Amino acid sequence: MKKNSIKNTRINGEVQNVLAELIRGQIKDPRISPWTSVVSVEVAPDLKSCKVWISVLGDEEARKSTLEGLRSAEGFLKNQL
């Protein structure tokens, strides 16, 4: 699968939507800001890993605590995907 193939583009979009839903609706960590959005997702061609870019609206403290919360929920997110 090429990096910019139609299939990979669709997979990136679907993973982005699922992650946004999981962060918004299923993670109950109070450290995660309600103003967190998934900006972009890049899934590896072998579908074994992906890079996720997020945006957090707020000050630096909100960003740091949101990243800590998301890192602690990493296993849950991987399992759900």
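Predicted model: local features only at pLDDT ≥ 70, side-chain atom pairs only at ≥ 80, totals over all residues.
Residues are numbered from 1 along each chain as its sequence is written, and side-chain values use heavy atoms, with hydrogens and water left out.

**The whole chain**

Begin with the protein chain in cartoon view: 3 helices and 2 strands are present, in the sequence pattern α-β-β-α-α. Helices (H or I, at least four residues) and strands (E, at least two) are DSSP runs, numbered from the N terminus. Along the principal axes, the C-alpha atoms fill a box of roughly 40 × 25 × 15 Å. Of the 81 residues, 31% are buried, where buried means under 20% relative accessible area with a 1.4 Å probe, protein chains only.

**The hairpin**

Select residues 36-43, strand β1, together with residues 50-56, strand β2. The two strands pair in the antiparallel sense over 7 bridges; pairing requires that DSSP find at least two bridges between them. V43 stands opposite C50 in β2. Next, select L47: the hairpin has 6 residues between the strands, and L47 takes a positive phi near 65° there.

**Helix α2 and T66**

Move to residues 60-72, helix α2, and pick T66 within this helix. Is T66 buried or exposed? T66 counts as buried because its relative accessible area is 0%. Display its contacts (heavy atoms within 4.5 Å): leaving aside neighbours within four places in sequence, T66 is in contact with R31, I32, S33, T36 and V56. Of these partners, T36 falls in the range of strand β1 and V56 in that of strand β2.

**Helix α3 and L77**

Finally, select residues 74-80, helix α3, where L77 lies. L77 counts as buried because its relative accessibility is 11%. Which residues does L77 touch, not counting those up to four places away in sequence? They are L19, L22 and I27. A distance drawn from L77 to I27, C-alpha to C-alpha, reads 8.9 Å, although the two residues are 50 apart in sequence. For the protein chain, among contacts between residues at least 6 apart in sequence, 46% join residues at least 24 apart.

Methods. Buried < 20%, exposed > 50% of the residue type's maximum accessible area, 1.4 Å probe, protein only.
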